Amino acid sequence: LLFKELTDVDTLNEGEGGAAKLIDALVGGQLIETLVQQSVERLDETVKDEADAIHNALSVVENVLDFRPAFADSCVEQGLFSWLLRRATQRGTLDANKMYASELLALLLQSTELARKRLTEKVDGFDLLLRSLATYKRHDPASADEREHMENLFDAVCAALMYAPNRQKFLDGEGLQLMNLMLRERKQSRESALKVLDYATNGVEGKSNCAKFIDILGECLIDNMHCLR
């Protein structure tokens, strides 16, 4: 809790030079590796105090990232990114830490290409993200918090697609088919699905996705014509 207060953005901005020294000391002391090994990986989130401790640890990370964006690479290299991916896409009830994990996951993917590369290196991160989003193809989020969580996952997908090799992963994972279903179902996910399609099909790197999506639309048109007969 003390670290959370010390790294609050307003506190850091007021501290000026001292704040920079504090951040340098935290980063130099392998802050992320310590948080991962001693907090997020070891604590039991079914115990409220321990869940709160993880939330505070994530707040420290967010505060440091706000003050020092280059810190994002350390979050990836020292194991936090992998934990965030697992936690944000974990099945089950949405809680504060799961939503916070999805927010930070999207932030890291937006901030550093290293995260976009790591997304599919050891596990198929696209598969995890798409499976989590598949919940919303026919069902709207049940609350404002769940809506925010859904948008965080969509933001993560969009950011990941900025790394060209991930376009093929998205194609292979049938991401286009999922986005098309969301467009057709007209749920709250529709607008975000359209944004994902824009990222997936944009530019030279998006040619394969673009061609496949045209095929999908053609198949849908044929199906609709059969239904009208």
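**Cut-off first**

I call a residue buried under 20% relative accessible area, exposed over 50%, and partly exposed in between. Arg 138 has 45% relative accessibility, so I put it down as partly exposed. The model I'm working from is a predicted one.

**Overall look**

I started with the secondary structure, and the protein comes to 15 helices and zero strands. Next I looked up burial: of the 229 residues, 42% are buried. Then I checked how far along the chain the contacts reach. Taking contacts between residues at least 6 apart in sequence, 72% join residues at least 24 apart.

**Salt bridges**

I searched the whole structure and got 10 salt bridges. I went through some of them.

Arg 138 again: its partner is Glu 185, with 3.5 Å between the closest N and O atoms. This pair links distant parts of the chain, 47 residues apart. Arg 138 sits in the loop between helix 10 (125-133) and helix 11 (144-160), while Glu 185 belongs to helix 13 (residues 175-185). I looked up Glu 185 too, and at a relative accessible area of 31% Glu 185 is also partly exposed.

Next I took Lys 195 and Asp 155, whose side chains meet in a salt bridge at 3.2 Å, N to O. Lys 195 is in helix 14 (residues 190-201) and Asp 155 in helix 11, so the bridge ties together parts 40 residues apart in sequence. Lys 195 comes out partly exposed at 35% relative accessibility, and Asp 155 is partly exposed with 23%.

Then a local one: Lys 117 bridges to Glu 113, the closest N and O atoms being 3.7 Å apart. Both are in helix 9 (residues 113-118) and four residues apart, so about one helical turn separates them. I noted Lys 117 as partly exposed at 35% and Glu 113 as partly exposed at 38%.

I also found a network of salt bridges that links Glu 45, Arg 87 and Asp 95.

**A buried arginine without a partner**

Which side chain of opposite charge is nearest to Arg 116? I looked, and that is Glu 113, 4.4 Å away. I listed what Arg 116 touches beyond its sequence neighbours within four places: Leu 109, Gln 110, Ser 111, Ala 159, Ala 160, Met 162, Tyr 163 and Asn 166.

**Nonpolar core**

I went to the largest nonpolar core, which has 59 residues. Touching the most other members are Leu 80, Leu 84, Leu 105, Leu 133, Phe 170 and Met 179. Helix 11 gives this core its largest share, eight residues.

**Ala 88**

Ala 88 lies in helix 7 (residues 80-88). Is Ala 88 buried or exposed? At 1% relative accessibility, Ala 88 is under the 20% limit and so counts as buried. I checked C-alpha distances as well: Ala 88 and Lys 98 are 5.1 Å apart in space and 10 residues apart in sequence. Not counting residues up to four places away, Ala 88 touches Lys 98, Ala 101, Ser 102, Leu 105, His 149 and Leu 153.

I looked at helix 10 against helix 11 first. Their axes come within 10 Å and cross at roughly 145°, and the crossing is left-handed. From helix 10, Phe 126, Leu 129, Ser 132 and Leu 133 meet Met 150, Leu 153, Phe 154, Ala 156, Val 157 and Ala 160 of helix 11.

Then I took helix 13 and helix 14, whose axes come within 8 Å and cross at roughly 145°. Helix 13 passes helix 14 in a left-handed crossing. On the helix 13 side I noted Leu 176, Met 179, Met 182 and Leu 183, which meet Arg 190, Ala 193, Leu 194, Val 196 and Leu 197 in helix 14.

Notes. Residues numbered from 1 in each chain as written. Predicted model: local features only at pLDDT ≥ 70, side-chain atom pairs only at ≥ 80, totals over all residues. Heavy atoms only, no water. Salt bridge = Lys/Arg side-chain N within 4 Å of Asp/Glu carboxyl O. Helix = DSSP H or I, 4+ residues; strand = E, 2+ residues; numbered from the N terminus. Buried < 20%, exposed > 50% of the residue type's maximum accessible area, 1.4 Å probe, protein only. Core = buried A, V, L, I, M, F, W, Y, C linked by side-chain atoms within 4.5 Å. Lys, Arg positive; Asp, Glu negative; His and termini not counted. Contact = heavy atoms within 4.5 Å. Axes fitted to C-alpha atoms, helices over the stretch in contact; angles between N-to-C directions. Left-handed = near helix turned anticlockwise from the far one by under 90°.
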